[in-house]
Amino acid sequence: MEVLKIFHENYLYKGKMSREDVHINEEWHETFQCIFVCDDYVILQKRSQFVADYKGLLDVTLGGHIKSNETMADGVREVKEELGIDLKFEDLKLLCVIPEILNNEGKLDKEFINVFRYDILIDKLNQISFEDEEVEALVKVHINDFNALCWGQKEIVNGYHVFSNDKNSITIKDFLPYSVGYFKMLSCKLSGE
């Protein structure tokens, strides 16, 4: 059974609870996210059809829950689990912590999302292999287009599959149901603001 730390809405520690109960009881908990940037492109993941939540939607490069016996630095295990490459926590840059409430089919998913950035070289990007069934594909979007999408300045941008370079159109509705504030904060922090 996976156990998570739970928090009050001001991010003060409250206790521990099973992951299932955390979501049933709509408790605040910690998550780890990392967004890869390669040259001038943001790398996004398309979630597979086999995951429990948010099937087929776009998200940052990778992410996951922080277990009760882990520190935030242990979040790098998600990189290995989802993309098959090893990273050191020291190679990541903390962008921000975003308190976010997502509506997951009528249940509120309350997360303190710790967002990190990793600047990946093309050679390392080519080493990626999907290690589990969570990620269906990786899509790259020019950072200027991603920022315009986040701020509502564009409704549709082009994305390109990282390995095949196939082009597809992306809208904000293709993403997990994050708030407007989440997207704006992510955009600002990616741009160094």
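Me: Is α4 mostly buried or exposed, and why is it described as enclosed?
Reply: This is a predicted model. In α4, seven of the eight residues are buried, so the rest of the structure largely encloses this helix.

Me: Which residues of α4 are buried?
Reply: They are Ile143, Asp145, Phe146, Asn147, Ala148, Leu149 and Cys150.

Me: What do the buried residues of α4 pack against?
Reply: They pack against β4, β9, β10 (157-161), β11 (167-170) and α5. After α4 comes Gly152, with a positive phi near 75°.

Me: How do I read a nonpolar core?
Reply: Start with the general idea. In soluble globular proteins, nonpolar side chains tend to be buried together. Now this case. The largest nonpolar core has 28 residues. Phe146, Ile170, Phe175, Tyr182 and Leu190 touch the most other members. Several elements each supply at least two residues of this core, among them β3 (29-38), β9 (135-142), α4 (143-150) and α5 (180-190). A second, separate core of 22 residues includes Val79, Leu83, Leu87 and Val135.

Me: Leaving aside neighbours within four places in sequence, what is Ile170 in contact with?
Reply: Its contacts include Leu58, Val139, Val141, Leu149, Ile156 and Phe175. Glu155 and Gly159 are also among them.

Me: In which sense do β1 and β2 pair?
Reply: Antiparallel, over five bridges. Val3 has Ser18 of β2 as its bridge partner. The two strands form a hairpin, with five residues between them. In the turn, Tyr11 has a positive phi of about 70°.

Conventions. Residues are numbered from 1 along each chain as its sequence is written. This is a predicted model: local features need pLDDT of at least 70, side-chain atom pairs count only at pLDDT 80 or more; totals for chains, interfaces and linings use all residues. Side-chain values use heavy atoms; hydrogens and water are left out. A nonpolar core is a set of buried Ala, Val, Leu, Ile, Met, Phe, Trp, Tyr and Cys residues joined through side-chain atoms within 4.5 Å. Buried means under 20% relative accessible area, exposed over 50%, partly exposed in between (1.4 Å probe, protein chains only). Helices (H or I, at least four residues) and strands (E, at least two) are DSSP runs, numbered from the N terminus. Contact means heavy atoms within 4.5 Å. Two strands pair if DSSP finds at least two bridges between them.
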